[in-house]
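Morning, everyone. Please have a look at the model on the screen, and then we will walk through it.

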Amino acid sequence: MNFSEVFKLSSLLCKFSPDGKYLASCVQYRLVVRDVSTLQILQLYTCLDQVQHMEWSADSLFILCAMYKRGLVQVWSLEQPEWHCKIDEGSAGLVASCWSPDGRHILNTTEFHLRITVWSLCTKSVSYIKYPKACQQGITFTRDGRYMALAERRDCKDYVSIFVCSDWQLLRHFDTDTQDLAGMEWAPNGCVLAVWDSCLEYKMLLYSLDGRLLSVYSAYEWSLGIKSVAWSPSSQFLAVGSYDGKVRLLNHVTWKMTTEFGHPAAVSNPKTVVYREAEKSPPPGLGHLSFPPSRAGTRPLAALESKYEIASVPVSLQTLKPAADRANPRMGVGMLAFSHDSYFLATRNDNVPNAVWVWDIQKLRLFVVLEQLAPVRSFQWDPQQPRLAICTAGSKVYLWSPAGCMSVQVPGEGDFPVLSLCWHSSGDSLALLSKDHFCLCFLEPAEGRAALGQQDSRT
Amino acid sequence: MGDWMTVTDPGLSAESKNISQYTSETKMSPSSLYSQQVLCSSVPLSKNVHSFFSAFCTEENIEQSISYLDQELTTFGFPSLYEEPKSKEAKKELNIVAVLNCMNELLVLQRKNLLAQENVETQNLKLGSDMDHLQSCYAKLKEQLETSRREIVGLQERDRQLQCKNRNLHQLLKNEKDEVQKLQNIIASRATQYNHDMKRKEREYNKLKERLHQLVMSKKDKKIAMDVLNYVGRADGKRGSWRTGKTEARNEDEMYKILLNDYEYRQKQILMENAELKKVLQQMKKEMISLLSPQKKKPREKADESTGTVISDVEEDAGELSRESMWDLSCETVREQLTNSIRKQWRILKSHVEKLDNQVSKVHLEGFNDKDVISRQDHEQETEKLELEIQQCKEMIKTQQQLLQQQLATACDDDTTSLFRDCYLLEEKERLKEEWSLFKEQKKNFERERRSFTEAAIRLGLERKAFEEERASWLKQQFLNMTTFDHQNSENVKLLSAFSGSSDQDNRTVHSKPQQKKPPSVSHGSPVCTSNVTKSLPASPTLDSCQMSSCVSEHSSISVLNITPEEMKPNEVGRECTNQTWSVASRPGSQEGCYGGCSLTYTSSHVQKDDLP
């Protein structure tokens with residue numbers, strides 16, 4: 001495993017291009033595009049202000065940089081560096097900006113969710129969509145980029161509009177039976193839309209592409225409901241994480257619950273492997289004592305190596321007592337992700353913040369629990385193989401695969417707290433982002449795959 | 001006592017008692033010496049008595065005292081102390097005999113009284129103690145009663161308290177329920193209120209938004225604009241099309257196409273899954289049929305199985321199955337048939353398996369129960385011991401023969417010692433004879449031992465038979481199926497011959513084989529069984545283990561052992577004949593070789609005795 005040198009970064013804005021050739025990152029008002037293989041700067045664009053949002057177009061030809069504070073969006077072309085485009089939302093303001101899947105339209109949401117403006121890069125035409133709903137996940141595109149579902153709020157009722165992305169024509173418009181729609185997501189096959197209510201009510205609605213209500217699912221009443229939702233890449237399962245600390249898997253045939261995964265703090269099943277991160281005390285006489293204690297305190301994790309130990313079940317995990325009197329309590333399943341082959345589901349229960357549960361979807365049981373020393377910040381699956389990268393805002397990155405797991409210290413001068421990470425589409429490298437730096441981590445493809453016993457399917 | 005008192009002189013009443021006491025003491029008859037011990041407690045009073053006597057009777061008043069006594073005695077019903085006067089004038093004369101008699105009677109009476117008194121006193125004491133005991137008992141019981149009463153009261157009190165508590169709790173529960181209801185109502189009302197407020201707020205918000213929209217958007221904000229160097233081509237290279245009704249229709253079409261594709265894909269998947277499942281089902285059915293049909297033959301033979309009718313169904317189904325090999329035709333009837341037949345077969349299989357389970361468990365149970373039967377290990381040990389003995393005997397005989405031959409040889413060589421030789425020979429002969437007789441005796445002992453042992457073995461077999469009869473039938477069937485067993489037996493024969501040590505014995509076994517085999521040919525009923533018995537019974541443990549290599553064969557051999565008596569009846573005589581002839585034909589020097597044969601006859605005869613009424 002190799003690491004690149006450390007580059008500057010701001011606002012955690014660092015993204016691989018969808019085709020995997022480039023890497024864009026923002027440093028204050030500058031946008032830097034690098035070649036992934038050489039890491040040499042290919043292009044350097046200067047924006048009008050500090051970039052707050054950056055996004056690649058789906059064809060990797062354009063990059064949009066949004067400066068919400070100034071209500072500005074700037075688009076840069078990779079092929080024609082001299083080409084430029086600036087969209088000014090003026091006094092309407094800007095709170096969100098995103099590409100349409102075709103990479104030729106930009107959807108800007110104005111302040112107070114007054115409307116969504118669809119700007120085209122091909123024609124002069126501008127479309128407006130009124131009454132967008134201000135919610136967690138109000139816009140969702142199908143994976144093939146053909147349709148967009150948009151949550152709307154009119155007359156104190158929730159509606160969903162389905163647009164054809166090619167010409168922004170309204171295809172379907174229907175009201176949903178929700179109190180306060182919180183989010184929605186297309187199934188990967190683009191035929192089913194999952195719509196869920198806000199956390200006050202556990203309600204999951206499933207609509208067909210043509211607006212028919214396929215099913216309604218509610219696990220319980222009264223207490224706080226859905227916290228996170230994820231489709232399996234095969235569209236076969238819909239995983240619903242909720243505030244009761246459980247993940248419920250709905251199947252795609254009857255839309256009833258197939259199974260539910262509880263996240264108890266005590267793991268007792270002997271078939272489950274519990275990996276526990278343990279700090280290795282540094283070898284004596286290596287100058288650890290020479291550090292002043294204050295200095296050591298400032299970098300608690302950086303100096304220490306850590307490794308995984310297999311804890312013998314039953315294991316009780318470190319839990320957090322959520323403050324019940326506060327809004328958005330830290331409890332329930334807040335993070336959910338299926339591996340790209342749909343075989344595994346990784347979850348994090350927010351009141352056991354140090355642990356990542358990995359579930360075996362074939363056997364529908366808990367497979368592995370990883371207990372970290374620090375709260376898990378983020379995790380992401382390798383897009384090519386069942387391999388999970390985890391970061392905990394420490395200077396280490398953790399990798400799990402069915403063969404085992406490991407913790408890798410990010411080398412370099414000073415501290416490098418990994419706040420976020422993203423995989424390259426080939427699964428060969430990983431961008432590690434800290435507050436104002438980033439670096440790439442290269443995983444030897446042959447070695448890694450051999451270790452995992454997988455066939456290299458790259459062409 | 002009271003009577004006594006009334007009658008006696010009040011002044012003397014106290015003393016009179018003493019009199020009777022002390023007279024007996026002073027003038028004790030020799031026969032009543034033992035009573036002195038009884039009375040010894042009153043000895044210290046004797047002096048007083050003497051003084052009293054002197055007071056009662058003096059020289060002067062003898063007459064009066066006698067008359068007084070007489071009077072007293074007569075009043076008590078004693079004969080008079082005086083002689084019956086011959087005449088009226090005659091003076092009353094003291095009859096000494098009467099006096100003595102009286103005294104004696106008085107003494108006896110006294111003793112009786114004393115005894116009675118003693119008894120009464122002891123009884124009194126006993127009664128007193130009884131009384132005490134009863135009183136204490138009574139007191140205790142009273143106390144107990146009191147405590148239990150108190151306890152009852154306490155419990156009642158507690159019960160009452162608990163009931164009170166319970167009632168309170170019920171009340172509380174009810175209150176809580178009410179509270180919950182109330183809270184729920186409150187929540188609901190607040191929720192509605194909240195929703196209402198939210199709606200109101202949202203409306204206001206919407207109004208504001210609308211207003212803002214108007215304000216912000218209507219004044220033609222020239223800032224709201226896109227500044228593009230040049231427009232780029234569409235990703236798909238096409239030009240943008242106008243929105244028309246046609247495009248709308250096209251979009252609809254496309255959407256439905258997508259949906260249709262999805263459904264088709266899913267249907268295909270489901271079909272594939274179905275086909276897969278059908279295949280599995282079909283295979284399962286086939287396997288079930290193949291599994292169930294051979295087993296059904298036997299039950300049908302027995303005609304005791306209720307499943308007999310079902311089996312025919314199974315075979316019918318099998319026929320159907322071949323007919324309906326077009327599995328792709330998934331019409332309802334086929335499906336129903338399939339599921340029904342599978343269900344049926346599954347039931348059969350289940351019942352069969354359950355039956356087997358029951359049998360197994362039963363056998364296990366019984367196997368644990370019969371501890372009195374000689375264990376197999378003991379059996380084997382015993383046979384081993386016997387074999388060892390036989391071997392020893394053989395060796396002894398051999399050495400003897402050798403010695404004999406040597407002697408003979410040496411005798412032939414030396415002419416000079418011919419005389420001695422004769423003597424020696426005679427002596428030797430004598431000795432040999434002696435040894436021979438000893439040996440014979442030993443042999444007999446061995447035989448007896450062996451016989452007793454085989455008896456025990458047979459008993460074991462018979463006892464086993466009793467509880468394994470049910471199973472035996474089933475096993476027999478299997479056994480019959482195992483036609484290869486016959487060949488195994490022939491191999492075992494060879495093994496036997498290999499095990500018997502010397503060459504002449506080998507010859508003998510070879511000779512005896514045809515003789516042995518003849519009788520089985522007579523009993524054509526079950527040749528396998530008989531041949532098996534002829535070998536398995538005299539078999540050494542090693543042979544045993546060879547034969548009983550598998551559990552089934554072991555059981556079957558046992559069953560055979562048990563079956564043979566009936567089946568071997570016709571050839572029994574013939575076999576004994578062969579054995580006899582065999583033992584006769586064999587040289588006396590190697591008679592021990594036919595132990596097995598002999599024992600065989602014994603066992604078989606025993607079996608016959610046991611089994612035939």
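Some ground rules. This is a predicted model, where local features need pLDDT of at least 70, side-chain atom pairs count only at pLDDT 80 or more, and totals for chains, interfaces and linings use all residues. Residues are numbered from 1 along each chain as its sequence is written, chains are lettered from A and ligands numbered from 1 in the order in which they are written, and side-chain values use heavy atoms, with hydrogens and water left out. When I say helix, I mean a DSSP run of H or I with at least four residues; a strand is a run of E with at least two, and both are numbered from the N terminus.

Back to the helix. Which residues of α5(B) are buried? They are B:Ser65, B:Ile66, B:Asp70, B:Glu72 and B:Leu73. Seen down the axis, the buried residues of α5(B) fall within an arc of 165°, so they line one face. The arc is taken from the directions from the helix axis to the C-beta atoms. Buried means under 20% relative accessible area, exposed means over 50%, and partly exposed is in between, with a 1.4 Å probe and protein chains only. On the face turned away from the buried side, α5(B) carries exposed B:Gln71 and B:Thr75. Here is the background: an α-helix has 3.6 residues a turn, so residues three or four places apart point the same way. Just after α5(B) comes B:Gly77, with a positive phi of about 90°.

Chain B has 18 helices and one strand. Chain A has two helices and 41 strands. In chain B, 27% of the 613 residues count as buried. In chain A, buried residues make up 56% of 459. Next, contacts, meaning heavy atoms within 4.5 Å. Take those between residues at least 6 apart in sequence. In chain B, 71% of them join residues at least 24 apart. In chain A, that share is 45%.

On to the strands of chain A. Is strand β8 (residues 62-67) of chain A largely enclosed or left open? Six of its six residues are buried, so β8(A) is largely enclosed by the rest of the structure. Both faces are covered: A:Phe62, A:Leu64 and A:Ala66 are on one side, with A:Ile63, A:Cys65 and A:Met67 on the other. In a regular strand, side chains alternate between the two faces of the sheet.

Who pairs with β8(A)? Two strands pair if DSSP finds at least two bridges between them. Strand β7 (residues 53-56) of chain A runs antiparallel to β8(A), joined by four bridges. A:Glu55 stands opposite A:Leu64 there. The hairpin of β7(A) and β8(A) has five residues between the strands, and A:Ser60 takes a positive phi near 65°. Strand β9 (residues 72-77) of chain A also pairs with β8(A), antiparallel, over six bridges. In β9(A), A:Leu72 is the bridge partner of A:Met67. Four residues lie between β8(A) and β9(A) in their hairpin, where A:Gly71 has a positive phi near 65°.

Next, strand β17 (residues 157-164) of chain A. Seven of its eight residues are buried, so β17(A) too is largely enclosed by the rest of the structure. Eight bridges join β17(A) to strand β16 (residues 147-154) of chain A, and the two run antiparallel. A:Ala151 faces A:Val160 across that pairing. Six bridges join β17(A) to strand β18 (residues 169-175) of chain A, again antiparallel. A:Ile162 has A:Arg172 as its bridge partner in β18(A).

Last stop. Chain A has an open sheet of four strands, in the order β35-β36-β37-β38, with antiparallel pairing. At the edges stand β35 (378-381) and β38 (404-409) of chain A, each with a single partner strand, so one side of each is left without a neighbour in the sheet. Inside this sheet, four bridges join β36(A) to β37(A). A:Leu388 has A:Trp400 as its bridge partner in β37(A).
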